[in-house]
Amino acid sequence: MRNLTEIALKNASLVIYFVLVIAVGGIFSYVKLGRMEDPDFTIRQMIVTAYWPGASAEEIERQVTDKLEKKIQDIPGLDNVKSCTMAGRTYIYVSLDQTLPTESIHPTWRDVRNFCEDIRHELPDGVMGPYYNDRFDDVYGNIYALTGDGYTYEDMRAEAERIRRTLVQVPDVRKVSLIGEQTEKIYVEIKREKLETMGIDPASFIELLKAQNAMMPAGAIDTETDDVYLRVTGDFADVEAIKNLPLNVGGKVYRVGDVAAVERRFVEPSDPKMYYRGEPAVGIAVSMEPGGNILRLGDSLRKVVDEEVAPELPAGLVIHRVSDQPQVVEDSIDDFVSTLREAIIIVLFVSFLSLGLRTGMVVAVCIPLVLLATFLFMYIGGIDLHKVSLGSLIIALGLLVDDEIIAVEMMSVKLEEGMDRFGAACHAFRATAMPMLTGTLVTCAGFIPVAFSKGVAAEFCSALFPVISIALLISWIVAVMVAPLLGYHVIRPKVARNEAGEPVLYQGRFYDGFRRVLDWFLTHYRIALVGTLALFIVSAFLMRFVPNSFFPPSLRPEILVTMHLPAGASLRGMDDEVRRFSEFLETKSGLFTNYTSYVGTGAPRFVLTVDPHLPANNYAQTVLVAKGTDARRELSAAIEEELRERFPELRTTIRYVQTGPPAEYPVMFRVSGPDKEKAREIALDVSAKIAEDADAYEPHLDWNEKSKVLRVELDEAKLRSLGSSAYHVKRALYADITGIKASQLYIGDRTIDIEFRMPEADRDELSAVGELPVYLNAQAGYVPLNQIAKLSYRAENGVIWRRDLLPTYTVGAEVREGADGTSVSGRIYERMETLRESLPAGYAVEPAGSMEDSARSLSYLLVPVPFMVVVLMTLLMFQLRKIRLMIITLLTAPLGLIGVVFGMLLSGEAMGFVAQLGFLALSGMIIRNSVILIDQIEKHIAAGESPYEAIIDSAVLRFRPIMLTAAAAILGMVPLMTNPFWAPMAVTIASGLFIATILTLLVLPAMYAAVYRVRKA
């Protein structure tokens, strides 16, 4: 390779020109880079929904869910099919294999549609659907709530719709959805007594309403010049028109309003509701276009809402900002930039302290230049600023300074030896450029598993490899071209000389002491190597005591409180519980900014790592925005105590927003098998095993309670004798109790159903169901239900969960404060070994949640490791050219485990996915230092020194640059240790590198002496 330093010194003006261009381009790129809180990752899940009104969960499971699932199983690239079947409806989750390429996802969703449509004709009559939702990953980062004292839901909905049409025009807005809308209906209710005494046929009554308001073409007249359409009146214009509709009963004509109560009101039971601080609200959720700038979108939305929307609202209506992701992203980026700034200051402090003012200035100039060049290439490569890319820059900062320190330190040494500036700079290239390049490539290769592994976790961290690789490669170029150019003009070393006038280098008590220690390690290399091996074995043993966590919670201020009533509970009952909970929250208003409650459903996906919940009457979720992490902790404790004392009938969870793929509970296991009851027995055994663990509490099954059912057993013989059938009875009961659609009213942009039913007083008493009048036909008229049927109470499965065609129970549990869900799950899973081995054929107990995700991600991460090892070996062979040297170098990589284990145990950090990435990077750093030291030994031997003296002199010569680069990397990790997401990686790198650096300078020479049988002369 040509001497790039020499080229740079001879073309100084050209180099300075490119430095200025890159610096300006980097500043421009930093301003233009997209801003996000978390990197995007693909939600490989689709929901298929179908409805069959009147069917029980068991019936719809057999006739709808099973048929659809069997067909979906034929889809290539499938990971699993999970379904939740309830009375009248089914939700099927189609999850794709995480190894499926991203570009194949949408074609696969098209296949799901086509496959399901192929069997639509096989589904029973009356089934509605299937319907498909492949936009399950839409993120509504900006959510607003519209409230108004004295305004109805319809008033708020109409205003929210106007706002929606305004916001959808804002640049970068992808979709605007309304939340908590309440469907309106017009109920035509006839009392039981009138039905019986007047003998009104419900079917005829319904047909009358339908015929009056049917939309039918009346024709058009084609004249010589125009087409003239006929518009016939008679359609319902309002509720009064329905009341005034003539009704012929027994030869007499009545108005509908004379025999029935006609009212326009909200649907009963109500649709899922939204509350803002306890007040009824309609939500407005805004999602961003892919690739949009969330900060720019936030500014645009604030301007539109504050200047256009809010001033135009009617008096009494107020729009509130519920979720403000742009502000969260801005705070997050500011926090990371502050961390980056702290890391830069620390690294510069190390440089100035160890290298002196002038030499430190060279490093101080190079660091911002490398960062600006990295920003430029990030902008070109489409990499946004977010948690992972900014963290990668901080990690890279501790590494990229290595090359600059090594280059200027070597140049300073040669200047101290009396070499001229040009020669010293060129010598630094010849002596260090190739080892540095190999070390840089080795460090980059350490991140190969992240770059080439599959899975959601690897996709989440995918920016690590390109950002760190770009930064380190640019750093090497700057180290061999820019740093020597600056050093040529700036560095003025003070040369210490002896009495004879010769330069005195590497002398003094410290270096004498280091030589004595190193001499002992070389002389007693067997003791040193055995001791190191023993330390490694002890560390491997202690590894089992290190906590294990997939991904830590984020610092977002939200608290997610979920509530479950027993299966079969009504939405009205859930609504009452939420109102009581809101009353308590108002007593803690000093700890939060706002809160919203969602009854009958969960919050929309306001951040990618939060999964929306299926609609369910017995479910509610409250999202609180706390005033900082301390307030979040205090508020969570208060909520936990309140729920435990005053809401004992609820099953509740309190969660923070997760970083990375989410899990519903810290401890989760799946129990699957062909028979529901047998699987339930096993699931209860699993629940008992979980309860035995001291760190786990409140184990539960996701579908355990039965739903109450009133069974109506018809007397078929009596029905036939009366000239009727089961169909007429079912239709009559549905019309009387639930209501049957008769027609529709068209008002503005609203289509309002008109339903016929009995008043609430006649249909909501269970004890009076047997007395309900059932219209059979004109001959039999009305007959009480208990005369044609026997009534009895039963219990049935209100919910049925399946996975891959088998009934599946998920057993979840909470963990005590300070315990880690993944570690607790692993411990419980080991204790269940006897239970798992005794299971009947076809039944299984499997890990779920974070434990499953962690194991899967680790397996994906390990797949490219052999390729990484081959790349490392190839790079080392090119540099060292000897197999034994390559093996010695590779053997130093595991030494980092010693420091990692002790660092994790002392800090309490968990060995999760991020820490595993840190260990891979740490291995690359250790190998980098080993390459530089071994290369120096080989150069000393080639210069004629004895192997023993070559080892001593090389370790002394490389001591300062290796320690300086290690110190920079270790101290550069310190700011990251305060960040929950990056702290495990920071502790891994800092503690591992601290011990490994010492062992590299002492144990690596001993390994070299042992392999080559080097003895002291």
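**Close-up views of a predicted model**

**View A. Helix α5 and its buried residues.** Helix α5 (residues 153-167) consists of 15 residues, and the 20 Å from its first C-alpha to its last is close to the 21 Å expected at 1.5 Å a residue. The model in this and the following views is predicted. Buried positions of α5 include Y153, M156, I163 and L167, and the charged residues E154, R157, E159 and E161 belong to the buried set as well. For orientation, the protein chain as a whole holds 34 helices and 30 strands, its C-alpha trace spans about 135 × 75 × 60 Å along its principal axes, and 54% of its 1017 residues count as buried.

**View B. A salt bridge between D172 and R296.** The side chains of D172 and R296 meet in a salt bridge, with an N to O distance of 3.3 Å. This pair links distant parts of the chain, since D172 sits in the loop between α5 and β6 (173-179) while R296 belongs to helix α10 (residues 294-312), 124 residues apart. D172 has a relative accessibility of 21% and therefore counts as partly exposed, and R296, at 48%, likewise counts as partly exposed. Over the whole model the count comes to 49 salt bridges.

View C. Side chains of opposite charge can pair when their charged atoms come close. In helix α10, R302 forms a salt bridge with D299, and the closest N and O atoms are 3.1 Å apart; because the two residues are three apart in this helix, R302 and D299 are separated by about one helical turn. R302 has a relative accessible area of 18% and is therefore buried, whereas D299, at 48% relative accessibility, counts as partly exposed. In helix α32 (residues 913-942), K939 and D935 lie four residues apart, about one turn of the helix, and their salt bridge brings the closest N and O atoms to 3.2 Å. Here K939 is partly exposed, with a relative accessible area of 30%, while D935 is buried, with a relative accessible area of 10%.

**View D. A network of salt bridges.** Eight residues are joined here: E58, E61, R62, D66, E69, K70, K676 and R802 are linked in a network of salt bridges.

View E. After α12 comes G382, which has a positive phi near 75°.

**View F. A nonpolar patch that includes V21.** L14, Y17, F18 and V21 make a nonpolar surface patch of about 400 Å². V21 is located in helix α2 (residues 12-32) and is partly exposed, with a relative accessible area of 40%.

View G. R526, R884, R1013 and R1015 gather in a surface patch of positive charge. R1013 is placed in the segment after α34 (983-1011), and its relative accessible area of 67% makes R1013 exposed. In helix α18 (residues 509-523), L522 counts as buried at 3% relative accessibility. L522 and I952 are 430 residues apart in sequence, yet 9.1 Å apart in space, C-alpha to C-alpha.

Terms used
Residues are numbered from 1 along each chain as its sequence is written. This is a predicted model: local features need pLDDT of at least 70, side-chain atom pairs count only at pLDDT 80 or more; totals for chains, interfaces and linings use all residues. Side-chain values use heavy atoms; hydrogens and water are left out. The expected span of a helix is 1.5 Å times one less than its number of residues. Buried means under 20% relative accessible area, exposed over 50%, partly exposed in between (1.4 Å probe, protein chains only). Patches are made of residues with over 30% relative accessible area and no salt bridge: like charges are joined within 9 Å, nonpolar side chains (Val, Leu, Ile, Met, Phe, Trp, Tyr) within 5 Å. Accessible areas come from the Shrake-Rupley method with a 1.4 Å probe; for residues, only the protein chains shown count as cover. A salt bridge is a side-chain nitrogen of Lys or Arg within 4 Å of a carboxyl oxygen of Asp or Glu. Lys and Arg count as positive and Asp and Glu as negative; His and the chain ends are not counted. The place of a charge is taken as NZ of Lys, CZ of Arg, CG of Asp or CD of Glu.
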